[in-house]
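Student: I am new to this structure. Please show me how to read its features, step by step.

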Amino acid sequence: MQSDQPATTGRKKVGRPSRLSQPAIVEAAQRIVDTEGDGSLSMRRLARELSITPMALYHHVRDRDQLLRLLLETKARHQPRPALPDDPRERLTAAAQLLYDVLAECPFLGEILTSEELLNASSRWVTEAVLEAAIGCGFTLEEAVALYRAVAHYTGGELLIRLTRERHLAHLDHPPYRSHAMAALRSATHPRLSALADRWPALTARDTHATGLEALLDGFFRTAGRGGPQTPAPS
């Protein structure tokens, strides 16, 4: 049975490796993503990079999904794992932020988020950190799972929207339709939006993930986390 765990590779080699292996395949796939973008990564393109036939490649990597999983696991394994704060609430926030940090620079994010298998492959240790921190805050295991699910969906949505917007704007050769639509608004019918028309692009492009994450966790402490740390009532 083939292992999904690529070993650490050494110096990069260009061209056909002396012995084909998953680590060599992952290294070549990462080169393609880095130099040509994730849209160019296919099994045929990878076979050309390695100077082999696609059939030879399939003996080591089942399909593109497995290839992406291998790339993600390599990235996650090399992601720095900072020491988490001692305070339970701060530890939970830091652990939840790790998921964002692991996924933020993945160019093939859309495919990750639409496949539960791929997302799990990249974030098992992050999932464990979030669950452990939540339990340390007084949540039950079931509540901790619900919290992780909410954090993962929020983080994935934030990243996917950001990635989609950036790719869309990068291919435009004219101002986006939103700019025209906002400029056409009348204060009589849309007073708030028309007042923000000039500032709207800058305001909506800001990275507000950390602020939203805090608000999300606050909500869990007020509802699902009834057994967790409570703020003492004023005397």
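This is a predicted model: local features need pLDDT of at least 70, side-chain atom pairs count only at pLDDT 80 or more; totals for chains, interfaces and linings use all residues.

Student: With which Glu does Arg 89 form a salt bridge?

Tutor: With Glu 214; the closest N and O atoms are 3.1 Å apart. Arg 89 lies in helix H5 (residues 88–103) and Glu 214 in helix H12 (residues 209–222), so this pair ties together parts that are 125 residues apart in sequence.

Student: Are these side chains buried or exposed?

Tutor: Use the cut-offs: buried is under 20% relative accessible area, exposed is over 50%, and partly exposed is in between. Arg 89 has 24%, so Arg 89 is partly exposed. Glu 214, at 32%, is also partly exposed. Asp 218 is partly exposed too, with 28%.

Student: How many salt bridges does the structure hold?

Tutor: It holds 6. One of them joins the side chains of Arg 62 and Asp 63, at 3.7 Å from N to O. Arg 62 is partly exposed, at 48% relative accessible area. Asp 63 is partly exposed as well, at 29%.

Student: Which residues are linked in a network of salt bridges?

Tutor: Arg 31, Glu 36, Arg 45 and Glu 49 are linked that way.

Student: Back to H5. How do the axes of H5 and H8 cross?

Tutor: For two helices, read the distance, the angle and the hand. The axes of H5 and helix H8 (residues 141–170) come within 10 Å and cross at roughly 35°. The crossing of H5 past H8 is right-handed.

Student: Which residues in H5 and H8 meet?

Tutor: H5 brings Leu 92, Ala 96, Leu 99, Tyr 100 and Leu 103. H8 brings Leu 147, Tyr 148, Val 151, Ala 152, Thr 155, Leu 159 and Arg 162. By class, the residues of this contact are 10 nonpolar, 1 polar and 1 charged.

Terms used:
Residues are numbered from 1 along each chain as its sequence is written. Side-chain values use heavy atoms; hydrogens and water are left out. A salt bridge is a side-chain nitrogen of Lys or Arg within 4 Å of a carboxyl oxygen of Asp or Glu. Buried means under 20% relative accessible area, exposed over 50%, partly exposed in between (1.4 Å probe, protein chains only). Helices (H or I, at least four residues) and strands (E, at least two) are DSSP runs, numbered from the N terminus. Axes are lines fitted to C-alpha atoms, for helices over the stretch in contact, and angles run from 0 to 180 degrees between N-to-C directions. A crossing is left-handed if the near helix is turned anticlockwise from the far one by less than a right angle, and right-handed if clockwise. Contact means heavy atoms within 4.5 Å. Ala, Val, Leu, Ile, Met, Phe, Trp, Tyr, Cys and Pro count as nonpolar, Asp, Glu, Lys and Arg as charged, and the others, Gly among them, as polar.
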